[in-house]
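Student: I would like a close look at one part of this model, and then at what surrounds it. Please keep the account connected.

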Amino acid sequence: MKEFFAMDGYALFLWPSYLITFVAIIANVIIARRAHATARAEALRRLDLESSETRV
Amino acid sequence: MTATTPAGSWQAARIVLQREWLLAMRRPAQVLQPLAFFAVVTAMFPLGYTPELAKLRAIAPGVLWVGALLASLLALEHLFREDATDGTLEQYVLSGQSLTWLLLAKTIAHWLLTGLPLTLMAPWLGVALGVPLSAATGVMAALALGTWTLSLLGSIGAGLTLGVRRGGVLLSLLTLPLAVPVLVFGARATELAIVGDSPTGALYLLGSLAVLGLTLAPLAAAAAVRIGLE
Amino acid sequence: MGTNWAWFHRFGSPPHVYRLAGLLTPWFAWPAALSILAALYGGLVLAPPDYQQGEGFRIIYVHAPSAWLSVMIYAVMATAAGIGLIWRMKVAHAAAASCAGIGAWFTVVSLVTGMLWGKPMWGTYWVWDPRLTAQLVLLFLYLGYIGLRSGIDDLGRADRASAVLALVGVVNIPIIRYSVEWWNSIHQAPSVMKMEKPSMPMEMLVPLLLMFLGFTLYFAAVMLVRLRAEILRRERNASWIREALR
């Protein structure tokens, strides 16, 4: 198991590479979902604003 | 009116050119500043590196080209900005003349006022970097073609960044990556000229970029300006 | 005219695309996850070490797919932008906007993993080899696109201006690639990290292909989520939104 992580001495380069890729993958999922949630909230807010305006 | 007849188009282009010339003569500082910048930047390199001409000659192609690039970018900020502010650009769009053609005329004027002087200055600045005057024709040929393509490329970015706050920095960020081929071929041609070899191959490549730019860039610039003026 | 273009124009309908994107996302997301996990196992555990590069070659399993994504995403972005510009489709512009951030991220990943691959191979973190240099220029192209978008306040104008930029960029990319390779060959810089794909044994190749597939599916899934957000941002007309969001 230790040998697996040591990767014959390349560990210092290999695992950070995989780590940054993993970070990018997760980050983009989070960013996308947040963007969608924000856009939904904004759209609903705009809807409520418009409907309350027309209620005059 | 002189709508889209060929004679009318030439007349319109000439009017644009004349206007650019007149405006430049009224504000000579604006025309001279990029040239002064080119000189100053070139002078910085020996000071920042070494006074040894042999070593400077080795980096001269890069220094001259980066300097010319940056100086061109400075000048590009003014290509459309003032005309956009005072409404002239809108008049061009509404005029019934081909906007592509009018913008090309502006770009030609811009090159005559910036790229051409930079090209003529380069051999002398090169002397300061240890470049022999025998290389002057090669250096100038490369820079003439390169600055021409740069003016064309830059017109696209200038159109796109109309109305963007601090558009000058963005303009540089947009234009420089697109200018990489020009830089690569141009610096190589200059390098060959300095060493005394024939730069023809690289000049042909530069030339093909210039032609490609001439055909496509004005169209993109016109589209960009139309969008920018909305 | 016999051809029915209705299917194409339905893609111009924001509510239709919004719903479709929502339905499709899990169908991309789960296969993506499976593919990537399988590829990870295959690449890290099953594949034998390389003859020359030992265990170090395994970086290819994250570097190559990232580089592929960075270029492919730009192409998708430019295509969507072009469609938006020519057919005046807001949805297409929304699609282009959805691509930019993801593309930029993976360009950075390909650069970083490229550097981490290069250090044990060539001894330095950075080498001006054609592939890395081209990736660097691509990153600048992405940043320029994103910068232009953020610099223009009006969303419609930002869409159209950045569309022109994306199209100019995509035309330039082959030229830039060629010039960088030309530049590199003249100055005989150290050679590229060569992993000849055809000569790779199956145990090495299959995980790599799975990774490519997984990354592509992943991009589709994430892009669809962002697309939904971008569509909502561009919709003024309220009626379908109320239905779709409640």
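Where in chain C is the place of C:Val71?

Tutor: C:Val71 is placed in helix H3 of chain C; helices here (H or I, at least four residues) and strands (E, at least two) are DSSP runs, numbered from the N terminus. The model is predicted: local features need pLDDT of at least 70, side-chain atom pairs count only at pLDDT 80 or more, and totals for chains, interfaces and linings use all residues. Residues are numbered from 1 along each chain as its sequence is written, while chains are lettered from A and ligands numbered from 1 in the order in which they are written.

C:Val71 counts as partly exposed, because it has 18 C-beta neighbours inside 10 Å. The scale behind that word calls a residue buried if 20 or more other C-beta atoms lie within 10 Å of its own, exposed if 12 or fewer, and partly exposed in between, with C-beta atoms placed from the backbone. In sequence, C:Val71 is 67 residues from C:Leu138, yet their C-alpha atoms are 7.9 Å apart.

H3 spans 60-87 and H4 spans 90-122, and the loop between them contains C:Arg88. C:Arg88 is not a glycine, but its phi is positive, about 50 degrees. Most residues other than glycine have a negative phi. C:Arg88 is exposed, because 11 other C-beta atoms lie within 10 Å of its own.

The axes of H3(C) and H4(C) cross at roughly 160 degrees and come within 7 Å; axes are lines fitted to C-alpha atoms, for helices over the stretch in contact, and angles run from 0 to 180 degrees between N-to-C directions. H3(C) and H4(C) are therefore roughly antiparallel to each other, on a scale where angles under 35 degrees count as roughly parallel, over 145 as roughly antiparallel, 65 to 115 as roughly perpendicular and the rest as oblique. Their crossing is left-handed; the term applies if the near helix is turned anticlockwise from the far one by less than a right angle, and right-handed applies if clockwise. By class, the contact of H3(C) with H4(C) has 20 nonpolar, ten polar and no charged residues. Ala, Val, Leu, Ile, Met, Phe, Trp, Tyr, Cys and Pro count as nonpolar, Asp, Glu, Lys and Arg as charged, and the others, Gly among them, as polar.

One residue gives a view of local packing. Leaving aside neighbours within four places in sequence, C:Cys99 is in contact with C:Ile73, C:Val76, C:Met77, C:Ala80 and C:Met223; contact means that the C-beta atoms of two residues, placed from the backbone, lie within 7 Å. C:Cys99 and C:Met77 are also among the residues with the most contacts inside the largest nonpolar core, along with B:Ala224, C:Ala96 and C:Val164. That core has 168 residues, a nonpolar core being a set of buried Ala, Val, Leu, Ile, Met, Phe, Trp, Tyr and Cys residues joined through C-beta atoms within 7 Å.

Now the chain as a whole. Chain C has eight helices and zero strands. Of its 246 residues, 48% are buried. Among contacts in chain C with a separation of 6 or more, 80% join residues 24 or more positions apart. The C-alpha atoms of chain C fill a box of roughly 60 × 40 × 40 Å along the principal axes.

Chain C also meets other chains. It puts 23 residues in contact with 21 residues of chain B. On the chain C side, helix H5 (130-151) and helix H6 (155-187) each supply at least two residues, and H6(C) gives the most, with 14 residues. By class, this side has 16 nonpolar, five polar and two charged residues.

Two pairs of chains are in contact, and chains A and C share the most contacts. That contact takes 26 residues from chain A and 33 residues from chain C. The side of chain A that touches chain C has 18 nonpolar, four polar and four charged residues. No contact joins chain A and chain B, whose closest C-alpha atoms lie 24 Å apart.
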